[in-house]
Amino acid sequence: MIDETDAAGETPDDGDPSGETSATDAADGTSATDAAEPAEPPKAGVLTAIAAFARTHRLPLMIAGGVVALGLLGTGAVVAGVAGSGGRAASAALSTSTAPTPTVDPARPAPAAVATASRLRSCSVADRAADGRLANFQAQVMNAATGEVLYDRGGTTASRTASVMKVLTSAAALSVLGPDYRAATTVVKGSEPGSVVLVGGGDVTLSRTSTGTETVYPGAAHLDDLAAQVEAAWAADPSNPPLTKLILDASYFSGDEWEPSWALKERDDGYMSNITALMVDGDRDDPGANTSGRSADPVGRAGDAFASELGGVSVVERGVAPAGAAQLGQVQSPTVAQLVDKALVVSDNTVAEMLARLVAIETGAGNTFGAINAGVLQGLAAYGIDTTGVTVVDGSGLSDNNAVPPSYLTRLFVKINAREGNLGVLMDGLPVSGVRGSLGYDDRFSGDNAVADGAVSAKTGWIDTGYTLSGVVRAQDGSTLTFAIYALGEVTGEAKQAIDTLATGFYLCGDNLSNQ
């Protein structure tokens with residue numbers, strides 16, 4: 001439940017005088033300035049009274065040469081009209097001198113300007129955050145308009161993100177590659193008579209299905225189109241012998257095909273493929289199913305499919321295209337904007353790895369898993385947010401070794417919400433509570449949490465050791481919040497509902513969200 005308690009406070013009266021004291025006549029009717037003789041020094045009782053008066057009114061007191069002077073704070077006027085003992089009037093001198101300018105000690109630093117106090121917020125989500133299903137809980141919430149952190153629980157601690165990592169990968173790709181970039185798959189003439197080379201350019205969406213068939217990747221290129229181009233170009237040169245040999249060049253990516261920290265069950269369960277520069281349909285057994293079994297040899301599967309399209313090929317082997325070889329055909333992937341949408345809305349792991357590797361190559365960091373950290377961080381640098389503590393092991397978030405503080409995400413989402421640069425593409429690709437993608441499934445924002453349907457645009461995350469959610473909340477009070485929630489450690493699928501319940505609390509509280 002949301003606990004809202006009203007609280008009011010008053011600023012205590014500081015007791016400073018607000019008016020000025022005017023000169024008063026001496027007890028005998030003679031003005032202090034007209035006195036014919038100097039006033040006698042005040043007796044002890046009078047001094048005591050004057051001192052008390054000065055303390056009560058916070059006035060400086062001077063006694064010199066038999067004259068008592070009370071200095072009014074903030075003015076140059078001092079007045080006294082104190083009667084002496086024995087019935088004789090004691091005149092007080094009227095001082096009109098300006099108070100001396102205080103001496104500034106250069107060794108003493110000037111006080112810093114006092115920060116404007118944040119208003120007291122009273123909407124608590126403490127009961128929701130205490131849900132044991134959140135396990136090792138971290139979170140941060142920021143007002144996107146003011147930049148004020150409203151709620152923080154371990155927000156500066158870098159931890160694994162699960163698929164929320166795809167937000168960083170997508171942001172880096174939009175910065176480095178741009179939304180219109182396409183990866184190309186090319187066929188060139190081989191160095192041996194009757195041979196051609198299929199050169200992978202990192203397009204994991206290339207499809208072995210017939211042109212016109214819809215796969216999980218809208219806008220994907222098709223091998224039959226590429227084969228038709230090659231056959232036409234080959235036939236155009238009468239000197240070419242029959243085409244009998246296909247060489248597969250996947251050298252655009254190098255190093256491990258499977259990140260060592262990934263669990264092999266991710267491949268067996270159909271969530272991730274080996275990462276190679278040449279593959280078809282994300283290496284799925286079923287090109288039309290987002291979750292589908294993958295093979296241990298994506299390059300071989302792509303080669304077999306292309307050889308079948310060409311016909312007459314008797315040899316398929318691995319190799320590298322000869323330098324300067326004549327191009328026989330080329331097809332291109334969907335745009336980065338389309339790939340970002342796919343990576344975010346259904347959390348496609350293979351596409352995220354494609355984007356991360358292409359970023360690493362484009363930045364000059366390298367073409368292996370080990371180059372992804374430098375490449376993605378270089379891409380993120382364009383957004384001007386401190387990346388201290390951020391470690392990027394992969395593009396998808398499957399690795400437990402990724403590390404990103406929630407505070408980085410709340411700041412990045414401020415820029416995503418503002419659609420800076422090309423980040424509007426990312427904003428448009430996010431799942432939406434109760435409406436789109438992985439937040440539109442039956443087990444997300446259901447029951448009481450349905451009140452926030454349509455109000456939360458965020459990336460989901462799930463690995464065996466954690467559930468995460470990060471994005472933007474259009475709160476009930478009209479404010480816009482950015483947030484990140486991590487539930488890490490010993491978690492079950494019920495962590496999703498606990499996360500949704502907390503995010504709904506953020507929606508209900510809005511800018512009145514308390515950090516208590």
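Reader: Which residues of helix α9 (residues 372–380) are buried?

Author: Happy to start there: this is a predicted model, where local features need pLDDT of at least 70, side-chain atom pairs count only at pLDDT 80 or more, and totals for chains, interfaces and linings use all residues. Residues are numbered from 1 along each chain as its sequence is written, and side-chain values use heavy atoms, leaving out hydrogens and water. Helices are DSSP runs of H or I with at least four residues, strands are E runs of at least two, both numbered from the N terminus; buried means under 20% relative accessible area, exposed over 50% and partly exposed in between, with a 1.4 Å probe and protein chains only. In α9 the buried residues are I372, G375, V376, L377, G379 and L380.

Reader: Where is F506, the partner of Y151 in an aromatic pair?

Author: Rings of Phe, Tyr and Trp (its six-membered ring) pair if their centres lie within 6.5 Å; planes under 30 degrees apart are stacked, over 60 edge-to-face, and the rest tilted. Y151 and F506 are tilted, at 5.8 Å centre to centre and 55° between the planes. Both residues are buried. Y151 belongs to strand β6 (residues 149–153), and 355 residues separate it from F506, in helix α12 (residues 495–509).

Reader: Is W462 buried, partly exposed or exposed?

Author: W462 forms a stacked pair with Y467, 6.1 Å centre to centre and 20° between the planes. Y467 is buried, its relative accessible area being 8%. W462 has a relative accessible area of 41%, so this residue is partly exposed.
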